[in-house]
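Have a look at the structure, then go through the notes below.

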Amino acid sequence: MANWFPKWQAYQGKIDHRPVASYEYLPPLQSALLGVQHAFAMFGATVLAPLLMGFSPNLAILMSGVCTILFFLLTGGRVPSYLGSSFAFIAVVAAATGHMTGSGVNPNLAVALGGIVACGVVYALIGFAVILTGTRWIEKLMPPVVTGAIVMIIGLNLAPITIKNVAGQPFELWMALITVLCMGVIAVFSQGLLQRLLLLLGLLMAYAIYVLATNGLGYGKAIDFSTIAAAPWFGLPHFTEPAFELNAMLIIAPVALILVAENLGHIKAVSAMTGENLSPQLGKAFVADGLATTLSGSVGAPGMTTYGENIGVMAVTQVYSTIIFVIAGLFAICLGLSPKFGAVISTIPSAVLTGASIVVFGLITIAGAKIWIENKVDFSNNKNLMVASVTIILGAGNFELFFGSFNLGGIGTATFAAIFLNLLFSLKDKN
């Protein structure tokens, strides 16, 4: 156990002199401030994901903190990463439960949780397999053409669902577009931490405009703030036990493949930034993320994943100390234990959530294309062309494949199609 954690060293010199390595630590005040900054960086997405799935945002924030600390312990403090609510679950949760994104509490929450727990178990098993056999087979199974297509269909599959929330409602349609504009302005015209918080700050701007238009000028449905005043400052969020239904589990469990691809990309990015070889930690990271997802789903919260937002913060600050993420996790736990904080979140109007969804799902879609670009995927090669094109249409069109009464779902069908077609067409390369 003595070698599980690195030998921690105090950072020597000024903080802007050179990057802070993962095994180094800063003075307490600097560490605390950097930890809080990481907590705010994940905040927008970690709150938005449970709202879109009908989960408790308070519990999601609480579990993001718990799971980040669990990840730190299981990886021996060697992988700088924050765990937050995964958007990869939104479409499959909607398919498994029939819940419209952003439309209140999910009445079939327990069924979704059973699928999330199953996904976490599958994810952890993949991690153990990587520990035993290495990472080469994962990279062969899911090359960039496959991972890019899979990530892209998450956003495309959700697009029609989120637009339906405001269809035929003129005021709500305009507010959704105003929310998009608020986030776009922050994304384009701000810099540094403000730019990293575009989801949160854009949501706050749109919320303020909505309050002015409804509570102030009488347009649309006014927000009731009485629930905020009535909520206590401190208290435990509501926990929910999972219900294990085979159909839902089979729809949601394949998301493990998406999380593997996402985590693989994140760790490679952090390795490049830090100059540290984190590949030997991949198996541990998969196991840690899988067990974190299982734990989160078992109490009523969304599945977890490593966060690109926090990787962006590391790129800006050049501080990679893993101790910072423990502080961020502790801060998130404190936020999650405040019902008043949850009451504030519950007042966010569906029109504003729809606008935020448009941005988020669009960013997910473009992230898939970015994987292709960064890895120079050659679309003059017919193999890549067929794998990508078929996967995208299957996912965007929600091509639901049935096996008896079991519905694989659009994203599940597209994911397995991408992997199968890539393996099939790769046979030509061996000839």
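H12 and helix H13 (residues 282-299) have axes that come within 10 Å and cross at roughly 130 degrees, so the two are oblique to each other. Helices here are DSSP runs (H or I, at least four residues), numbered from the N terminus. This is a predicted model, so local features need pLDDT of at least 70 and side-chain atom pairs count only at pLDDT 80 or more, while totals for chains, interfaces and linings use all residues. Residues are numbered from 1 along each chain as its sequence is written, and side-chain values use heavy atoms, with hydrogens and water left out.

**H12 against H13**
- Axes are lines fitted to C-alpha atoms, for helices over the stretch in contact, and angles run from 0 to 180 degrees between N-to-C directions.
- Oblique is what's left once angles under 35 degrees (roughly parallel), over 145 (roughly antiparallel) and 65 to 115 (roughly perpendicular) are taken out.
- H12 passes H13 in a right-handed crossing, that is, the near helix is turned clockwise from the far one by less than a right angle.
- On the H12 side, Leu259, Val260, Asn263, Leu264 and Ile267 make the contact, and they meet Leu282, Ala285, Phe286, Asp289 and Thr293 of H13; contact means heavy atoms within 4.5 Å.
- Sorted by class, that contact has seven nonpolar, two polar and one charged residues.
- Ala, Val, Leu, Ile, Met, Phe, Trp, Tyr, Cys and Pro count as nonpolar, Asp, Glu, Lys and Arg as charged, and the others, Gly among them, as polar.

**H4 against H12**
- Helix H4 (residues 109-133) and helix H12 (residues 255-274) have axes that come within 8 Å and cross at roughly 50 degrees, which means H4 is oblique to H12.
- H4 also passes H12 in a right-handed crossing.
- H4 brings Cys119, Val122, Tyr123 and Ile126 to the contact, and H12 brings Val255, Ala256, Leu257, Leu259, Val260 and Asn263.
- Nine of these contact residues are nonpolar, one is polar and none is charged.

**Cavities**
- There are two cavities of 30 Å³ or more in the structure; a cavity is a set of points on a 1 Å grid over the protein atoms alone where a 1.4 Å probe fits but cannot get out.
- The second largest cavity holds about 30 Å³ of space, where a volume is the space filled by probe spheres set on the points, joined across faces, edges and corners.
- Its lining (residues with an atom within 4 Å of a point) consists of Val79, Pro80, Ser81, His266, Ile267, Val270, Leu278 and Thr306.
- H12 gives the largest share of that lining, three residues.
- Five of the lining residues are nonpolar, three polar and none charged.

Notes
1 Å grid on protein atoms, 1.4 Å probe; cavity = no way out; pocket = protein on both sides within 12 Å on 5 of 7 lines; lining within 4 Å.
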